[in-house]
Amino acid sequence: MNTRDAHHMSQAVRIARRGLGLTWPNPAVGAIVVAPSGEIVGRGWTAPGGRPHAEAIALERAGQRAHGSTLYITLEPCAHEGGRGAPCANVIIAAAAARVVIGIRDPDPRTAGRGIEKLKHAGIEVTEGVGAAEAASVTLGHLMRVTEGRPAVTLKLAVGSDGRIPQGDGQPVWITGPQARTHGHLLRAMNDAILVGRGTVVADNPSLTCRLPGMSCRSPVRIVLDRRLRTPPSATLFEDLMVPVWLLCASGEEQPNADLLHDHGAEIVPVPVDDLGMIDPHDALETLAHRGITRVLIEGGPSVAQAFLDAELVDEFIVYQGRNPVGDEGLIPFGGAGLDHYAANGHFTSIATRFFGPDQMTWWRRMRSCSRALSAA
């Protein structure tokens, strides 16, 4: 891998991130067209709703200058017919690109190497695996949905300096400052859905929207785990129905409140339950994947967090820690085990630490998730 290829692929990954949270059920992809002179003549990222694809946008912007160019793409171009527009592999061939550099292969069985075969058959030079780890990270939701049958999952928690979680009393309680909360809203914008338990709705009465200036349109689908559909119809969730609300309840059980909550704007989504009658995290995520969700941000309380952690369904874990203690009235995460327990068992590796004013953010990743996704690609 040469330095120029690495540089341009890194740029493609950065612009792919612009589509996160907007492109589901399609992946967020970035593409850059580089003319023989070395000039970048076209950039593109997957449009909201998943179409047009990044390659088509970048090549359209390049126009005739795409002839003889090198195209950098984070994910193998699609090869299947029957979608809206021509397959991207065909578009690249028609644009007369000379070389295509690909971050990772697409495990989607409709493509799965066929896009690369088409390009090679047309006489286009193909280089694979450039910036593969970065490309897999930005494409993780798609990779997990295709290979594992579930979305990628990020768990977010805010704790005090004593590691405890503040309890709400019908309204949100802040333990971190505005800078950290702004970053938390950016996380919402980069995910397809945000998930909490009914207990969080009752305790905090959150809106679960993205409230950054100019980014309300990027609010994720709001999902509540509510086995018996006891979410209050007066909850703030129902005040803004421009953003969907999905209530995941137990299938096969009578749900007397279903019609009432539906009338208030909720979509009722039955999910299988386990032997104890609880919604199984695996089944919940499988249901979301069937609905096209590729990336889920969990902001639920300790019980929801522990359920998904214990089921080994959390791929990334973000902890914001304030400078002040919560006190004895606060909740202890994970039944008292704490994140150190999971880190010590090799479940997570710290990949980044940042400070937002006085608050510290630590970003952890389950490396096995990325490794498995990368091997599948």
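Biologist: What are Tyr320 and Phe356 called, buried or exposed?

Modeller: Tyr320 and Phe356 are both buried. The term means under 20% relative accessible area; exposed means over 50%, and partly exposed lies in between (1.4 Å probe, protein chains only). This is a predicted model: local features need pLDDT of at least 70, and side-chain atom pairs count only at pLDDT 80 or more, while totals for chains, interfaces and linings use all residues. Residues are numbered from 1 along each chain as its sequence is written, and side-chain values use heavy atoms, with hydrogens and water left out.

Biologist: How many aromatic pairs are there?

Modeller: The structure holds three. Rings of Phe, Tyr and Trp (its six-membered ring) pair if their centres lie within 6.5 Å; planes under 30 degrees apart are stacked, over 60 edge-to-face, the rest tilted. Phe317 and Phe348 have centres 6.0 Å apart and planes at 80°, which makes the pair edge-to-face.

Biologist: Why is this pair said to tie together separate parts?

Modeller: Phe317 is in strand β12 (residues 316-321), while Phe348 is in the loop between α12 (338-344) and β13 (349-356), so the pair joins parts 31 residues apart in sequence. Helices and strands are DSSP runs, numbered from the N terminus: helices are H or I, at least four residues, and strands E, at least two. Phe317 and Phe348 are both buried.

Biologist: Why does the pair of Tyr320 and Phe356 get its own label?

Modeller: Their ring centres are 6.5 Å apart and their planes stand at 45°, so this pair is tilted. Tyr320 is in β12 and Phe356 in β13, so parts 36 residues apart in sequence are tied together.

Biologist: What makes Arg99 and Asp5 a salt bridge?

Modeller: The rule wants a side-chain nitrogen of Lys or Arg within 4 Å of a carboxyl oxygen of Asp or Glu. In this pair the closest N and O atoms are 2.6 Å apart, so Arg99 and Asp5 qualify. The two residues are 94 residues apart: Arg99 in strand β4, Asp5 in helix α1 (residues 3-16). Both are buried. Asp5, Arg99 and Glu125 are linked in a network of salt bridges. By this rule the count comes to ten.

Biologist: How do you know that Arg291 and Glu267 also meet in a salt bridge?

Modeller: The N to O distance is 2.9 Å, so the pair passes the rule. Arg291 sits in the loop between α10 (281-290) and β11 (295-298), and Glu267 in strand β10 (residues 266-271), 24 residues apart.

Biologist: What makes Arg291 lie over the face of Trp246?

Modeller: A charge sits over a ring if NZ of Lys or CZ of Arg is within 6 Å of the ring centre and within 35 degrees of the ring normal. Arg291 is at 4.7 Å from the ring centre of Trp246. The charged end of Arg61 sits over the ring of Trp45, 5.5 Å from its centre.

Biologist: What is the strand order in the open sheet of five strands?

Modeller: The order is β2-β1-β3-β4-β5, with mixed pairing. β2 (40-45) and β5 (125-128) are edge strands because each has a single partner strand.

Biologist: How do you know that β1 and β3 pair?

Modeller: Pairing needs at least two DSSP bridges between the strands. Four bridges join β1 (residues 30-34) to β3 (residues 70-75), and these strands run antiparallel. Tyr72 in β3 is the bridge partner of Ile32.
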